Each structure stands twice: as C-alpha cells, then as structure tokens.
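Try each one before reading its solution.

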Amino acid sequence: MNPEEVVARVKLRPLTLEDFDELVALQQLCFPTMPPWKYEHLRSQLNEWPESQLGLFLDGRLVASAAHLIVDSDEYESWSDWMDLADGGLIRNHDPEGDTLYGIEMQVHPDYRGMKLTRRLYDARKDICRDRNLRSMRIGGRMPGYAEHQHAMTAEQYVHAVMGKQLFDPVLTAQLANGFQLREIIPDYLPSDEDSAGFATFLEWVNEDYVPPVSRRQRRATQRVRVGLVQYKMRPITSFEEFARQVEFFVDTAGDYRADFLLFPELFTLQLLSLLEPGRPGTAARRVAEFTPRYLALMGDLAVRYNVNIIGGSQFTIRDDGLYNVAYVFHRDGRVDSQDKLHVTPSEARWWGVRGGKSLNVIDTDRARIGLLVCYDAQFPELARKLASDGADLLFVPYNTNDVYGHNRVRVCTAARCIENHLFAVTAGCVGNLPFVENADTHYARSAVLTPSDMSFARGGIAAEADPNVETVLCHDLDLQDLRRHRLRGTVHNWKDRRKDLYQVRWVGEDDEGI
C-alpha cells in the first residue's frame, strides 16, 4: 500500500471505552510477550484524562495508538520505574498542572510500519506539549532489537550502535528520528519485556516553545467534591408517605447545600417495620422487601429532582427467592447502580436469613469513582484493596449498629481502609429506637467523613464528624487531588510499598496478577 495514500486516509482521535477490544488486539500483535491492558486500565486512564489515549484509524480500523499522562517533574527523583510513573497503567497520578508529558506506550500495527505513523503520534504528543505549555516530553523507550545482541554486547554498546546507525532498532531508531535525546539507560524497566531483555532508554524531547509561568508552584490542581451524610433517626411511622417525607427533607437539605453525594444509613428502611404487624423476623424482613419497588421509585425521583447522587443506604431485595441486603446508588441523571452486601453478620443470617452477594464493583459517577462497603464489609481489608486497585477514590460505608462496640468496629476499620489505600470515606449510621422490633430496636452512630492520616489532612484523619446519637445532616468538601498528592508525596506510601513478593490479593473468577 502506498504510504502517502495511507497517511491521507488515517484519522487521529482520542480513544474511548468502545475501542478497548481493538486496542488489546493491537497490543497482542505488537507486544506478544507482554500482558495487554485490562478494561480497568483504559477506564481509569480515560477517567483521569480523556486525551490519555490517542489512536490512528485507517478506514475506521485502529492501526496505531499512544498512551501518556502529565506529571510534575519535581515529584519524581527517578524515571526508571514504569509501574510508579504510570501508576501500574491506571495513571491516577496524572497532574493537569504538571510540566512534563510522560509517554507510557506507543504501538503501530506490524502491517503498517514504515508509513510514518509513529511520527504522526509523536507530532500529536508534541502538539499537546505546545498547547499545554509543557516543558518536555519524557519516555522510557523499549529496545526490542537488543535481545538478539545481548550475548555479544552490553545494553550501552547496543544503544550507541543504534545511535551511530550501525544497528537498527524498531523503537529507538524512530525515537531518535523524532528529536529525542538519550538521558539514561534503564535496567529492569519492564522485566516482562523479553525482546528488550528488560532494558529501556530514558529519552527526552524538549519543547523549545515552553514559557516558564510565573509562580507555577503557587497553583494547585483541585477536584472538589461535596459529600453529604444523613445520621437518620429511627422512629415509628404510620405510613410509607410519612417515611417518604422524612427522606425528602434530607435530600432537599443536601440539594440546598449543592452536595454531589448524599449517603443514607444501612437498612434505615427497617423503619417500615413499624407499619407491619409483629411476626417472625425472617417473614418481617421479606415483607419489608415488598417496599423495594416504592423505595426505588422514591429515591430515583429525589436524586433527579434535587440534583444529588444518592447512596440510598441499603434495602432488603429478593432475587431468586434469596434475601439480599443491597445498597443502591441513584445517579442524578436517572441511572441506578447497586452493590450487594458481601459479608453477612451472624445476626443477619440468624434473624433474617440474609445471603451474601458475590461481586464487587467500582461505580462511575459524574464526580468521582466510588466504591460501596456495606457495614460489616468495611471490616475486610481485601474489599477496599480491590476497589482501590480498580480506581475508586471515595468509599461510602452505610452502617447500622445497635451499640458503641459495633459502631467502633465499623469506624476503626473504615479509617484503616483510608490509610491503607489512600482513600476518602463517608460513613452514615442510624440513631434512635424502634420499640419491640427485634434485631432493629436500638441504634448507635457517630457518622463521619474520614481521610488518610497525614499532615495534609485534618488531625486524626477526621474531616467532619456528627455528634453521637443525634439526628443530623452533614456536608463537607473534599479535594480528590489531595489524594493524588498524598499518594506521591505522603509521609508513607502504603499502596506503593505493598510487598507483592510476599503476599497478594486475588479475586476469585478474575484473571489478574494479584493486587
């Protein structure tokens, strides 16, 4: 095919999630010895920066792509660790206010190499640098021709032979032709890259149009999210409409505060038991589940009407004749997501016959990627670890405890999840009493907004806290960029410092490398 004809027919555009299958197929063609992106990688990349993946399409078919992010060069002492610089491919360290474009992948279909597609991708990256006034573009470049020569020469000798045009390397030769300068040779950059024997080159292209801004250090990227919680008082009611009025009051209040999220407690819908004749607990729980359609309609309507994403506590739901404790997310655009409680307490199983769910998912919202841990679930660190690995920044923990001991278990464990995974968390519990309602008669709560524990956050890792056992609504602003800065520059790096050589968390049924 004529190269000039190909160039004329090729179109450049940012990739979307719909391009995932084509992207992976291209990776497997270009890098057959290396693991391809997972769906979570592309989803996280596009969530952090929609321009992070660029693709070249020939007649609608993906034939080349480039992945990258923006970083602050002052935050990295070393450029030799791809997993650190690329956040393992999730790029949650993308800094819109950074000064350097860092390339994490570039690939061209084998049938279309030699047609200057690499140059077109590098030109697109250079345009990003000029448009965003970035100081430079840096890359860790593969050396896929080195494996054939590693027994005859060192990596340094090989690189200098390529630079002197004595040898040809399909990657390094193209990078040098695009104006990159060699800064360093990196061993063990990508150990899985057998073609490069694990080696890479650290290369830099300097943007000659860069204009150092005045007081760049005085600017800080922000990503504000306003969270709200309801510490809900359980009291006897006489109708579902009375329950609905109480719920709407809190949603209305959160709407007035322009909250992005509002969290209700776990099973605050047990208040509906006061509408029913006393009976066996298992039967009563299933009768509460009969209110689920009305509960869903109410919450969905309120989320849209008051422009608030509502995490509607949880409600009993019957599926395949099984009773589940399900947390629902009512998006303000009308969508509804759900998360089953995975770990059932002994009393839930004994009194109500509740079953545990089998899946855990990050939920994409218009303001953040969130995860839900329903009460007891917060006491199992593996769950928050998976949510963090999948890109969550915010945990919502609806809970329902009858005394201070149960409350403390949820509170202390949730605080630990924030520290372990560099996350924010919002908890909401019930207060008050439901006389003569078995297993739901007394309640204790002190709801809160929790953070990691470090100097850049509130003392004690408590951003906001309700008074104990008092009905209230509480709102607080969080900055998701604080989490990014904490992951990079925190006093400790819990996520980065995991000893995966000693232990890993693996999710049954998923083909992953462990987290």
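Predicted model: local features only at pLDDT ≥ 70, side-chain atom pairs only at ≥ 80, totals over all residues.

Residues are numbered from 1 along each chain as its sequence is written, and side-chain values use heavy atoms, without hydrogens and water.

**Exercise 1.** Find how many helices and strands the protein chain has.

*Solution.* Start from the DSSP runs, where helices are H or I with at least four residues and strands are E with at least two, numbered from the N terminus. Counting them gives 14 helices and 22 strands in the protein chain.

**Exercise 2.** Check the length of helix α8, residues 240-256.

*Solution.* First, the expected span is 1.5 Å times one less than the number of residues. Finally, look just past α8: arginine 258 has a positive phi of about 60°.

**Exercise 3.** Work out which residues of α8 are buried and what they pack against.

*Solution.* Take buried as under 20% relative accessible area (1.4 Å probe, protein chains only). Among the buried residues of α8 are Phe240, Phe243, Phe250, Glu242 and Gln246. Then list their contacts, meaning heavy atoms within 4.5 Å. The partners of the buried α8 residues are the strands β8 (224-234), β9 (261-263), β10 (309-311) and β22 (472-479), together with helix α10 (292-305). For the whole protein chain of 515 residues, the buried share is 54%.

Methods
Buried < 20%, exposed > 50% of the residue type's maximum accessible area, 1.4 Å probe, protein only.
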